[in-house]
Amino acid sequence: MSDLSELSALETAAAIRERQVSAVEVTEAALRRAEGDAWGAFVTLAPDLALAQAAELDRRLAADPGFDRPLLGVPCPIKDLNPVAGVGFEAGSTAMRGNVAEVDDGIVEWLREAGTVMLGKTATPEFGFPCYTEPDGRPPTTTPWDPSRSAGGSSGGAAAAVAAGIVPIAQASDGGGSIRIPASACGLVGLKPSRGRISSGPLMPAGPGLGTAGVVTRTVADTAAALDVLAGYRTGDTYLAPPPTGSFLAAARQRPAGLRIGVLTAPVIAEAEVHPACLGAAAAATVLLQELGHRVDEAPVPFAVERWDAFAALWTVGAASIPLPPEAEPLLTPLTRWLREEGRKVSALEHAAALAELQRLTREVALAWDEFDLILTPTLAQPPAPLGSLRNDADPAADFAAQTRFTPWTSVSNLAGLPSISLPLSATAIEGVRLPIGVLLTGRFGAEEPLLAVAASVEEAVGGWPRLSRVAAS
């Protein structure tokens, strides 16, 4: 156990289960690494809570050698959009500075029941809206691959913590790409599950069903194991995905062939220039998938650019719906204020029309891609963005437009409720720095099993993903 930072989540749990190391030792090592956080990954650490949770796991394991949990003793921080009782809950906003959560979110409960240790809260941009993590009053969150570039957002802190080797897994969430964007920017695996696969209850309303919880990890197996833990329903859930035929981890160990895979490199939600490195990663993935026995053909753009306006209407109304007192408004970032102002302009009839359009687009995407089992695209149109290159406080509308050009594929699966996974297929030298480049595989609704199986087969075929040299000692 000389370098705990190199272990995956499943390997960490196995080492604790086999008594090679204790949960407390794993937690202490992770806390030491987190204290050296140079990437803006964490907004707060919870050492007392983490060590108490780890000690309780060790106690139960000592009392009962048969005691087990799927993620036994694995350090797993929580994104600061999800409350943890007794821990700061500020959602990346200066308007919420000093706020402390009174109760645990449902996702926090499920992760604790799975045996994880809550190390602390990871950074997020204000209320998770932008695809960069540059909150006011705190250092920006950078990709550990290059401290001059963004870790992405909104799960930027989660991704930075995993990429830096602080933890093997971190809770995340995705409403328009917020798991997959930072996964690409930080060289990680990031899955957005199907709509209704993971309950948003009991605290969070499902709303139009754009967002979902999840994780970022360094391996497909860890992602699959986490989905086994998090997939589930709660009484009264609005959306329900069809149940899997077995465990997702078992599905990730399958090696399917003969699937029909569509390739789409044309931007969907915005007219955007696509960097050669991103196109090259998609081309390399195409060749690899063919070598693995799949049929790969060109896929159509599922809808016209202007049809994405329905997402924008729902996104801005969601911003306007955040219950904040009037005195908080001046404390918000220009982008959040602009989103709220735009949301207030949407009439009740326009909002109803946007919801109807969401349902139409869900059908149209399914029909456009019906001949394919999976769709392959680049994850992002560009490599990890230089800090400050997307944020534009002087012109929030331009800021929002720049974000759509940077992420012209990710929100399609949020609109249509489809499972979608970013894989860190390659690392490319750009401006003298080696940077990770992700590719995106999107599946049919409710079909995470073949998606994970293909993702794992790609991971196996390339001999594991490009790795960043760890800079934090364990």
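# Reading a predicted model

User: In this predicted model, why is Glu431 called exposed?

Analyst: Glu431 has a relative accessibility of 72%, and a residue is called exposed when its relative accessible area is over 50%, so Glu431 counts as exposed. Its place is in the loop between strand E12 (420–430) and strand E13 (433–443). Phi of Glu431 is near 55 degrees, a positive value in a residue that is not glycine.

User: And Phe127, is that residue buried or exposed, and how do you know?

Analyst: The relative accessibility of Phe127 is 14%, and buried means under 20%, so Phe127 counts as buried. Phe127 lies in the loop between strand E3 (120–122) and strand E4 (142–143), and although it is not a glycine, it has a positive phi of about 55 degrees.

User: What makes the protein chain as compact as a globular protein of its length?

Analyst: The secondary structure of the protein chain comes to 15 helices and 13 strands. For 474 residues the globule rule gives 23 Å, and the radius of gyration of the chain is 21 Å, which is close to that value, so the chain is as compact as a globular protein of that length. Along its principal axes, the C-alpha trace spans about 60 × 60 × 50 Å, and 60% of the 474 residues count as buried.

User: How do you know that the span of helix H2 agrees with its number of residues?

Analyst: Helix H2 runs over residues 23–35 and has 13 residues, which at 1.5 Å a residue should span 18 Å; because its end C-alpha atoms are 18 Å apart, the two values agree.

User: Which residues of H2 are buried, and what covers them?

Analyst: The buried residues of H2 are Ala23, Val26, Thr27, Ala29, Ala30, Leu31, Arg33 and Ala34, and their cover includes helix H1 (9–17), strand E1 (42–45) and helix H3 (47–63).

User: How far apart are the mean positions of the positive and negative charges of the protein chain?

Analyst: The chain has 36 positive and 53 negative charges, and their mean positions are 2 Å apart.

Conventions:
Residues are numbered from 1 along each chain as its sequence is written. This is a predicted model: local features need pLDDT of at least 70, side-chain atom pairs count only at pLDDT 80 or more; totals for chains, interfaces and linings use all residues. Side-chain values use heavy atoms; hydrogens and water are left out. Helices (H or I, at least four residues) and strands (E, at least two) are DSSP runs, numbered from the N terminus. The radius of gyration is taken over C-alpha atoms; the globule rule is 2.2 Å times the number of residues to the power 0.38. Buried means under 20% relative accessible area, exposed over 50%, partly exposed in between (1.4 Å probe, protein chains only). Lys and Arg count as positive and Asp and Glu as negative; His and the chain ends are not counted. The place of a charge is taken as NZ of Lys, CZ of Arg, CG of Asp or CD of Glu. The expected span of a helix is 1.5 Å times one less than its number of residues. Contact means heavy atoms within 4.5 Å.
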